[in-house]
Amino acid sequence: MPSSARICSKWSARSPISRRCATNWPTLLSLLQNGEKRSQKELAALVKVEQPTMAQLLSRMGRDGLIRREADPDDRRSSLISLTDTAIEHLPHGRQVLRDGNADIMRGLSPEEVRTLVGLLRRVLDNIDAL
C-alpha cells in the first residue's frame, strides 16, 4: 500500500467525520471553522484544487452532513458554503487526530529536523505556486 494510502486509512479510522480520506478536508474545515461562509470558487482557490475537485469534495461533505449551502446574496448563480453544527462539534477531535498523525509521521525526528523539513517543504510549495 502506498504511503499516502496508509496515512489516509489511519486518519479515516480515527476520525468520526471521515468515511473517505480527503487530505484537504482539514484545510477546508479550518477555513470554515468560525462560521465563515465562502463560495466554492473561493474555497477551491484557497485549498489550491481545481473547481471539479472541490465540487466532489463538497458533495461528499454535504452527503455526510458536514456543510450547508445557502444562496449568495451577491451572486444568485453561486452558493455560500458553511459548516453544520455536526462538523463544528467534531473539530476538536479532528484537530487531535491531526496532531496524533503528525506525531506518528515525525517520530524519530528532532524538533530541529522537523523545523528544517517544514521550512524546506514550504519553499518547495512556494516554488510550485510560482510556476
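Is arginine 115 buried, partly exposed or exposed, and what is its relative accessible area? Arginine 115 is exposed, with a relative accessible area of 54%, where buried means under 20% relative accessible area, exposed over 50% and partly exposed in between (1.4 Å probe, protein chains only). The structure described here is a predicted model, in which local features need pLDDT of at least 70 and side-chain atom pairs count only at pLDDT 80 or more, whereas totals for chains, interfaces and linings use all residues. Residues are numbered from 1 along each chain as its sequence is written, and side-chain values use heavy atoms, with hydrogens and water left out.

The protein contains six helices and three strands, which follow one another from the N terminus in the order α-α-β-α-α-β-β-α-α. Helices (H or I, at least four residues) and strands (E, at least two) are DSSP runs, numbered from the N terminus. Of the 131 residues in the protein, 27% are buried. The protein exposes about 8900 Å², of which carbon and sulfur atoms supply 53%; accessible areas come from the Shrake-Rupley method with a 1.4 Å probe, and for residues only the protein chains shown count as cover. Among contacts (heavy atoms within 4.5 Å) between residues at least 6 apart in sequence, 45% join residues at least 24 apart.

The three strands form an open sheet in the order E1-E3-E2, with antiparallel pairing. Its edge strands are E1 (38-39) and E2 (67-72), each of which pairs on one side only. Two strands are taken to pair if DSSP finds at least two bridges between them. Strand E3 (residues 75-83) and E2 are joined in the antiparallel sense over six bridges, and alanine 71 stands opposite serine 79 in E3. Helix H4 (residues 51-63) packs on the sheet and touches E2 and E3, its direction making about 115 degrees with that of E2. Axes are lines fitted to C-alpha atoms, for helices over the stretch in contact, and angles run from 0 to 180 degrees between N-to-C directions.

Serine 39 lies in strand E1 and counts as buried, at 14% relative accessibility. Apart from neighbours within four places in sequence, serine 39 is in contact with Ser78, Ser79 and Leu80.

The structure holds seven salt bridges, each defined as a side-chain nitrogen of Lys or Arg within 4 Å of a carboxyl oxygen of Asp or Glu. One of them links glutamate 42 with arginine 38, the closest N and O atoms being 2.9 Å apart; glutamate 42 is partly exposed, with a relative accessible area of 34%. In another, arginine 63 and aspartate 64 meet at 3.0 Å, N to O. Arginine 63 is partly exposed at 43% relative accessibility, whereas aspartate 64 counts as buried at 17%. Arginine 115 forms a salt bridge with glutamate 112, with the closest N and O atoms 3.0 Å apart. Because these two residues are three apart in helix H6, about one helical turn separates them. Glutamate 112 is partly exposed, at 47% relative accessibility.

Helix H6 (residues 111-130) also holds valine 124, which is partly exposed with a relative accessible area of 43%. Together with Leu125, Ile128 and Leu131, Val124 forms a nonpolar surface patch with about 440 Å² of accessible area. Patches are made of residues with over 30% relative accessible area and no salt bridge, like charges being joined within 9 Å and nonpolar side chains (Val, Leu, Ile, Met, Phe, Trp, Tyr) within 5 Å.
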